[in-house]
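Please keep the model open while reading these notes.

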Amino acid sequence: MSNCCSIEDKESGKCGESKGQSLDQKQHWNNAYLNSPEERLGWYETDPSPTLGLIEKAGLNSDAFILNVGAGSTTLVDELIRNNYQKLIATDISDVALQLLMKRVGTNRVEYIVDDLTAPDRLLQLDPVDMWIDRAVLHFFLEEHERSAYFELLKKVVKRDGFVILAQFSIGGAAKCSGLPVVNYNKEMLAENLGKDFELIESFDHTYIMPSGGERPYVYTLFKRVA
């Protein structure tokens, strides 16, 4: 089921990167995973229960299509497999990160897609999904055209009555992550970007403790597409 490019494929030019993909961004995130053990990265979660709680609230069936954008090597996929979800898609700009995830959890229930959320290629070909999950990706998109491309993709692939989980650095929180500046959000800003076709179901603040012990305040939101 895997469509993930290997590091060897990337080096040989066989990786099929999306048109317009930012090579600087791709290299930045590949380097992050190559230069540090994943469990020491600032966004690494041993317990993704805030996201799992929102997924449970959505009441998805086990055969729902769940798209995890900016998945990296997230442990959320491990938990979704343990909870018997059958149709998972993990996408990231970093093929190195997805290789780590694939090595850990395998390909039985997970499809891996290397793509750029701000200049998508293969993601545009997806069948409609039941849930879009984004923990700590949107806040890296500083430019209006990047955010527009992101939300255009989201609205294309999330089906009516589908769900969206957005968890981003909150207002007043950290201004940078992985050495990059971020845009901080509250639930109103996220709702405005999604528009009137999406209804806010739940939101809460959550302070994530980094592997280093530092604190990172997040806002977590669950939206339902109603039109």
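1. The second largest pocket is lined by Glu 39, Tyr 44, Glu 45, Thr 46, Asp 47, Ser 49, Pro 50, His 206, Tyr 208, Ile 209, Met 210 and Pro 211. A pocket here is an open set of points on a 1 Å grid over the protein atoms alone, with protein on both sides within 12 Å along at least five of seven lines. Lining residues have an atom within 4 Å of a point. The space in this pocket is about 170 Å³. Volume is the space filled by probe spheres set on the points, and points are joined across faces, edges and corners.

2. This is a predicted model, in which local features need pLDDT of at least 70, side-chain atom pairs count only at pLDDT 80 or more, and totals for chains, interfaces and linings use all residues. Residues are numbered from 1 along each chain as its sequence is written, and side-chain values use heavy atoms, with hydrogens and water left out.

3. Which elements supply at least two residues of the lining of the second largest pocket? They are α3 (49-58) and β8 (198-209). β8 gives the most, with three residues. Helices (H or I, at least four residues) and strands (E, at least two) are DSSP runs, numbered from the N terminus. By class, this lining has six nonpolar, three polar and three charged residues. Ala, Val, Leu, Ile, Met, Phe, Trp, Tyr, Cys and Pro count as nonpolar; Asp, Glu, Lys and Arg count as charged; the others, Gly among them, count as polar.

4. Thr 46, one of the residues lining that pocket, sits in the loop between α2 and α3. Is Thr 46 buried or exposed? Thr 46 counts as exposed because its relative accessible area is 68%. The cut-offs are under 20% for buried and over 50% for exposed, with partly exposed in between (1.4 Å probe, protein chains only). The C-alpha atoms of Thr 46 and Thr 74 are 8.9 Å apart, although the two are 28 residues apart in sequence.

5. Glu 38 also belongs to the loop between α2 and α3. Glu 38 counts as buried because its relative accessibility is 18%. Leaving out residues up to four places away in sequence, Glu 38 touches Tyr 44, Ser 73, Leu 100 and Arg 104. Contact means heavy atoms within 4.5 Å.

6. The largest pocket has a volume of about 770 Å³. It has 37 lining residues, and the closest to its centre are Trp 29, Gly 70, Ala 136, Val 137 and Phe 140. Elements giving two or more residues to this lining include α2 (23-35), β1 (65-69) and β2 (87-92). The largest share comes from α2, with three residues. By class, the lining holds 18 nonpolar, twelve polar and seven charged residues.

7. The largest nonpolar core has 45 residues. Such a core is a set of buried Ala, Val, Leu, Ile, Met, Phe, Trp, Tyr and Cys residues joined through side-chain atoms within 4.5 Å. Ile 55, Leu 60, Ile 66, Leu 80 and Met 131 have the most contacts inside it. α5 provides the largest share of this core, five residues. A second, separate core has 26 residues, including Ile 89, Ile 113, Phe 198 and Val 219.

8. Helix α5 spans residues 95-105, and its buried residues include Val 96, Ala 97, Leu 98 and Met 102. Gly 106 follows α5 and has a positive phi, near 85°.

9. There is one cavity of 30 Å³ or more. A cavity is a set of grid points where a 1.4 Å probe fits but cannot get out. Its lining is Ile 66, Asn 68, Val 77, Leu 80, Leu 88, Ile 89 and Ala 90. β2 supplies the largest share, three residues. By class, the lining has six nonpolar, one polar and no charged residues.

10. Thr 118 lies in the loop between β3 (110-114) and β4. Its side chain makes a polar contact with the side chain of Asp 116 (2.8 Å). A polar contact is a pair of N or O atoms within 3.5 Å; within protein, one must be able to donate a hydrogen and the other to accept it, and residues adjacent in sequence count only if both atoms are side-chain atoms. Not counting residues up to four places away in sequence, Thr 118 touches Phe 141, Glu 146 and Ala 149.
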